[in-house]
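Here is a short report for a reader meeting this structure for the first time. Headings mark the topics.

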Amino acid sequence: MHPILKLVIQRLALGLLLLLAASVLIFVGTQILPGDVAQAVLGQNATPEALANMRASLGLDQPAYARYFSWLFSALHGDLGHALSNGRDIAESISGRMRNTLFLASVAAAISVPLAIFLGLLAVRYRDRWPDRLISAITLASISLPEFLLGYVVMYFLSVKLGWFPSVSNINSGMTFWQKLNAVALPATVLTLVVLAHMMRMTRAAILNVMQSAYIETAELKGLRRFTIIARHAMPNAIAPIVNVVMINLAYLVVGVVVIEVVFVYPGMGQYLVDHVSKRDVPVVQACGLIFATVYIGMNLLADLIAILSNPRLRHPK
Amino acid sequence: MKGMPLSALLGLFITLLFFSVAILAPAIAPYGMSEIVGDVWEPSSAQYWLGTDNLGRDLLTRMIYGGRTTIFVAAMATALSFTLGSILGFTAAVYGGWVDQVMSRLNDLIMSIPTLIFALVVLSVMPVTLPTLILIMGFLDSTRVFRLSRAVAVDINVMDFVEAARLRGEGRAWVIFREILPNALSPLVAELGLRFIFAILFISTLSFLGLGIQPPAADWGGIVKENREGIVYGIPAALVPAVAIVTLSISVNLVADWALNRTTSLKGGRGV
């Protein structure tokens, strides 16, 4: 077997194992309370009969491992159970929201990735001069703020003071693509700012690392323009670390979405999750937690795979 | 302290200022924490320096008490994560073999779930009280400390003086606390600042989502949550915590940067 295929298969198997373990962890995370869900829902004053009824209807009278396997099995078949708070089918409520969340995340990704790489190149080109310092200062400031505050700062200035965009992102299926784009403009801007800093810094570091190689000096001595050297000679060799950082930040984007959706009252998965955490609606939290963890682990796995595939030494073994 | 650059001194000064205001909050704050003193969302004036909040409480007072809670929770969580993470990390490095493998893989597993999501899952069944919040934050953050301290300790563990201690017949506890800990302290101290800032951001986020500090107690994230409605009417009360958080985190970062540079240059030009 080709060594790279073996490596990829190994990595995929490891990723699946990790995912399985993560699902156990999420399940266990909701079991550590001394009481149980029935107690939490009905409160301290519930009669023993009511508690027993509720436990039986939720399947809580079975041992934990049996509940875990039945939960995992139905989740794998697309059945995420019913919400405790309103008895609705979770998979049904999630599907529309998931589409909204993915739309927001992809808009943010489509802006932030090219921008981060371009700014990274620019920072290397003008290294230690004012464009580099300015970019560094802005990114440092944006890291120092939690996402939700960044959201309100952007909302205050761009929406309330300047009135460019709506402050609340209402979105529904009847809207055209452009209307939707206008609605998510602010949350997408904030998400871009959140991930831009890290991506740009890592791009800069990766390219600077390559810039010390002998062939860069050759290119310099040939008399090429600095930007050409960076874009044509340094960039291709820095692709692997850059792609890696991009994927990790896209994974992070999925988490950042949770908070930003609450700020802009955007009807996505994140808002759904946070709402149901305060309602102590465990099945919904488990389902959302599992989906977010899957996306996060999947992105990180993809980053690893791209790093393996983009390494020419692994692709063409001696 | 000698030869400390101006930026780090400034950072240290502001950080200490924040901490002393937090400790002395009841003496400094002009009004009581939940005392309603004026109209809703009054602009800043000589009487109310930062104006009033959504219920007519003095915003400066809320900020001072809020800083106290936020800094306290973040500091406790950081202390917990460092104690837990570094001891476990050193243990993994010193024992090596399957102990190290099991601990490291378990750590990878916990880190594979985003911190916020994990915290939300656990908070959905736990009562939201200060001790639970500190425990959850400290535990989740200790995975990052574990990773760093294990990496540092693995390097130190193969040095000659550790070998000498082993040959003297010292036990593992001695090796961990008397040989490795003093030598791993500097990189860990630099990391401490960053973890503390992360804890501040994290507890603020949780409070903002309504799953952190519960009202009527004040904290920076909660102040944003309480005053968020005002933003749409152009009332910037909700943005005041942003200024406090940015100032504190840049100050701590300046000190941490200095600590990191100092430790790397001591070790002979690593990372310059």
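## Contacts and burial in chain B

In chain B, 66% of the contacts with a separation of 6 or more join residues 24 or more positions apart. Two residues are in contact if their C-beta atoms, placed from the backbone, lie within 7 Å. Of the 272 residues in chain B, 44% are buried. Buried means that 20 or more other C-beta atoms lie within 10 Å of the residue's own, with C-beta atoms placed from the backbone.

## Basis of the model

This is a predicted model: local features need pLDDT of at least 70, side-chain atom pairs count only at pLDDT 80 or more, and totals for chains, interfaces and linings use all residues. Residues are numbered from 1 along each chain as its sequence is written, while chains are lettered from A and ligands numbered from 1 in the order in which they are written.

## Fold of chain B

Chain B has 10 helices and 0 strands. Helices (H or I, at least four residues) and strands (E, at least two) are DSSP runs, numbered from the N terminus. The C-alpha atoms of chain B fill a box of roughly 75 × 50 × 30 Å along the principal axes.

## Where the chains meet

Contacts link 35 residues of chain B with 37 residues of chain A. On the chain B side, α5, α8, α9 and α10 each give two or more residues. The largest share, 7 residues, comes from α5(B).

## Confidence in chain A

The average pLDDT of chain A is 79, and 92% of the residues score at least 70. pLDDT is the predictor's confidence in each residue, from 0 to 100. In chain A, helix α2 (residues 37-42) is lowest at a mean of 66, and helix α10 (residues 214-221) is highest at 86.

Technical notes
A residue is buried if 20 or more other C-beta atoms lie within 10 Å of its own, exposed if 12 or fewer, and partly exposed in between; C-beta atoms are placed from the backbone.
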